[in-house]
Amino acid sequence: MGKTAIWWIRRDIRLSDNPALTAAAENADQLIPLFILEPELMENAAPKRRSFLLNALADLDQQLNKLGSRLVVRQGPAQAAMQAIKETLPEVSVYAHKDFSPFARQRDAQIKSVLPFKSFSGLTIRDPNEILKGDGDPYVVYSPYKNKWYIEPIPTPGDILPIPEKLPPLPDSIESITLPNSPQVTGFPASEQEAQTRLDEFLSDALRYYKSQRDRMDLDGTSRLSPYFRFGLLSAREAFTQAQIVWLQSKNSQERAEIRTWMDELVWREFYTAILYHFPKVMGGPFREDYQNIPWRESTEDLHAWQEGQTGYPIVDACMRQLKETGWMHNRGRMIAASFLTKDLLINWQLGEDWFMNNLVDGDPAANNGGWQWSAGTGTDAAPYFRIFNPVLQGKKFDPEGAYIAQWVPELSQLPVEFRHEPWLLSNADAHEYGFRLGETYPQRIVDHDFARQRTLDAYQFARNL
């Protein structure tokens, strides 16, 4: 029978640049490509994120068939699923990529008590333990972390692992449950080929304008690769090396700055993963303990208005409606929406964090938590409590013609551009001309921003003085 390797698929639903798969295929006579439907993850996942995952797995199964294999699906919990395989196969080892959330680390520790477990870097470009300060402590500020990250040897195209030409056979009579059917997520076809196509198209055009256009919500200036990174349909290492090639080939300093900004965003992803790894407490509360006692408001009505895109602030409502309909939101929009909940409504950032995870197709625990704590001012920034976005000014700056607002808040699309961000400035005569009635056609503002800003500054100062 020989050695059997389990390639345990978690957040690496791809065949290219997959160290765990490569090692498993090279060191075994038989290979089981295994995905475990774990209740803790499947039941709590956003519906669109679950659909994306299931369709990605279905596509992977088709690709495995071309290599003489197939996907094996088992019901969790993971420890029970692995134990069942162990009972039928005498010599079996597990190959997987490291994952860094508290849940994943606890789960992997359980598997190591059952089977030989070999883990590899594949979720991130660098292991969180690679980038440390001189005294061995983890970095807690992004800029010095980034500087150290770039000092280390940068991955090159030669590091990228090819798709295996053939895989070892499956063990005889290995059983698999049927993968549940799920509709495709509109706008995000779930396949490794789609991820590669998107990367190629982004590298050939929008990457060169990324720094200038990434915050414009009315432009297609971002890569929209986040769901593919989230589930590993695209290797972050491969994406980084491909961007680096474009950067090296460019002779224009401005263009290089544009490209480098996107490369830095991949480092941000690494930073937030490292923060979660070294400080798992962030999943349960603020990174900065001096903000444990912010007197958050409890307002179910205001929270619901924010969730449904009915706050009366057009740019905020456009963001929240895009999230609800598509499962995705522009990154600038995420910052605007998060700032509004935490700083204008003074509602606990953790409620927003949960709402995003319950709706985002790309919901990633580390990035989502890091983003929310940044917006709330409770995270790793030095002194960010006074950073309070003005939602009107943010809208005017990053959606100057109100095109994004018109798309997602159609009741404002007939208004002249100068009123799309501030419909409350319409005179009664103009409002009548456009068939618009504030409070009926579109809601009144649920809070005055100037009042809310001072209220938040007072609340944060109160917490800092305790």
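**Terms and their cut-offs**

Modeller: Not counting residues up to four places away in sequence, W262 touches L199, F202, L207, Y210, S223, L225, F229, A239 and A243. Contact here means heavy atoms within 4.5 Å. The model is predicted, with local features needing pLDDT of at least 70 and side-chain atom pairs counting only at pLDDT 80 or more, whereas totals for chains, interfaces and linings use all residues. Residues are numbered from 1 along each chain as its sequence is written, and side-chain values use heavy atoms, with hydrogens and water left out.

Colleague: Why is W262 called buried?

Modeller: W262 has a relative accessible area of 3%. A residue is buried under 20%, exposed over 50% and partly exposed in between, using a 1.4 Å probe and protein chains only. The value for W262 is therefore in the buried class. W262 is placed in helix α11; helices are DSSP runs of H or I with at least four residues, strands are runs of E with at least two, and both are numbered from the N terminus.

Colleague: What makes a set of residues a nonpolar core, and which residues have the most contacts inside the largest one?

Modeller: Such a core is a set of buried Ala, Val, Leu, Ile, Met, Phe, Trp, Tyr and Cys residues joined through side-chain atoms within 4.5 Å. The largest has 124 residues, and those with the most contacts inside it are W7, I13, F52, W262, W306, M320 and F356. Helix α11 supplies the largest share of this core, 10 residues. A second, separate core of 20 residues includes I36, M82, V92 and L115.

Colleague: How do you know that α6 and α11 are roughly perpendicular?

Modeller: Two packed helices are described by the angle between their axes and the distance between the axes. Axes are lines fitted to C-alpha atoms, for helices over the stretch in contact, and angles run from 0 to 180 degrees between N-to-C directions. Helix α6 (residues 142-151) and helix α11 (residues 253-278) pack at about 110 degrees, with axes 10 Å apart. Angles of 65 to 115 degrees count as roughly perpendicular, under 35 as roughly parallel, over 145 as roughly antiparallel and the rest as oblique. Therefore α6 and α11 are roughly perpendicular to each other.

Colleague: What makes β3 and β5 edge strands?

Modeller: Five strands form an open sheet in the order β3-β2-β1-β4-β5, with parallel pairing. Each of β3 (72-75) and β5 (117-120) has a single partner strand, so one side of each is left without a neighbour in the sheet.

Colleague: Why is β1 said to be covered on both faces?

Modeller: In a regular strand the side chains alternate between the two faces of the sheet. In β1, T4, I6 and W8 on one side and A5 and W7 on the other are all buried.

Methods: Pairing = 2+ DSSP bridges.
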